[in-house]
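Trainee: I have just been given this model and would like to go through it. Could we look at it together?

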Amino acid sequence: MQTSSTRDRIVAAASRLIRRQGYTGTGVKQIAKEADATLGSVYHFFPGGKEALAVAALEHGREQFAGLLRAALDGEDDPAAAVDACACLLARELRASGWTDGCPVTAAALETLGPGNPIQRACADALYSWRNLIADKLLDCGLPDAEARDLAATVVHTLEGAQATAQVTRSEEPLLLAGRHLSRLVASYT
C-alpha cells in the first residue's frame, strides 16, 4: 500500500515541479525531496529515469486538467457557456496559484521538441484528449463531427495561448477575454 502512495507522491511532485519550472529546470533530486521520498525510490518506480518520470507526471497533469475541464463542461448545458466557464475557471485557478500553475504540458512540450520524443508524445496526447472532451460536448449538442473537432481544437489552442499570456502578464484578462470570444464563436455554430 505504501508503495503506491510513494509512487503517487513522486508523480504528483514531478507534475507540480515540471508545471512550474519546466522539464529541464526540474531535477530528480528536487522531485525526490518535494515528494518526501528517497532518490532510490524514484529510480525504483522509474528505472527509465527522469524521462520516464516526466511522462508519468505529464499523464498525471493531463488527467488533473481533464477533471477541471470536465467540471466546467458538465456544469453548463450550453456549450458556449461551458467554454466561457472553463476559461473563467482556468483564470481563477491560475490566480490562486500565484500565477505559477499554468498548463501542465506547455513548458515541457516546448523544451522537448523532436521526433519520437516520449515527453513530446505525452504532451500531444494531453492536448488531443482535451480537444476530444470539448468535441464530445459539441457533438452532444448536434454539431457534425468534423465541425465539432475543428471547433474544439480552436478552443484548446486559444485557451493554451491565453493561459500562457495570463501567466506571463499575471492577469486573468487574457483568459477571460478568450472565454468571451470563444463563447461567441461556439454559439455561432450551435
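Predicted model: local features only at pLDDT ≥ 70, side-chain atom pairs only at ≥ 80, totals over all residues.

Trainee: What is the phi of Asp36 near?

Mentor: The phi of Asp36 is near 55°, a positive value in a residue other than glycine. Most residues other than glycine have a negative phi.

Trainee: And is Asp36 buried or exposed?

Mentor: Asp36 counts as exposed because its relative accessibility is 65%, and the cut-off for exposed is over 50%.

Trainee: Which loop holds Trp99?

Mentor: Trp99 lies in the loop between α5 and α6 (106-111). Trp99 is not a glycine either, yet it has a positive phi of about 70°.

Trainee: Why does Trp99 count as buried?

Mentor: Trp99 has a relative accessible area of 9%, so it is buried; that label applies under 20%.

Trainee: Changing topic, what volume does the largest pocket have?

Mentor: The volume of the largest pocket is about 180 Å³.

Trainee: Which helices each supply at least two residues of its lining?

Mentor: They are α4 (50-74) and α5 (79-96).

Trainee: And which residues line the largest pocket?

Mentor: The lining consists of Arg19, Gln64, Phe65, Leu68, Leu90, Glu93, Leu94, Ser97, Asp101 and Gln163.

Trainee: How many of them are nonpolar, polar and charged?

Mentor: By class, the lining of the largest pocket has 4 nonpolar residues, 3 polar ones and 3 charged ones.

Methods:
Residues numbered from 1 in each chain as written. Heavy atoms only, no water. 1 Å grid on protein atoms, 1.4 Å probe; cavity = no way out; pocket = protein on both sides within 12 Å on 5 of 7 lines; lining within 4 Å. Points joined across faces, edges and corners; volume = space filled by probe spheres on them. Helix = DSSP H or I, 4+ residues; strand = E, 2+ residues; numbered from the N terminus. Nonpolar A, V, L, I, M, F, W, Y, C, P; charged D, E, K, R; others polar. Buried < 20%, exposed > 50% of the residue type's maximum accessible area, 1.4 Å probe, protein only.
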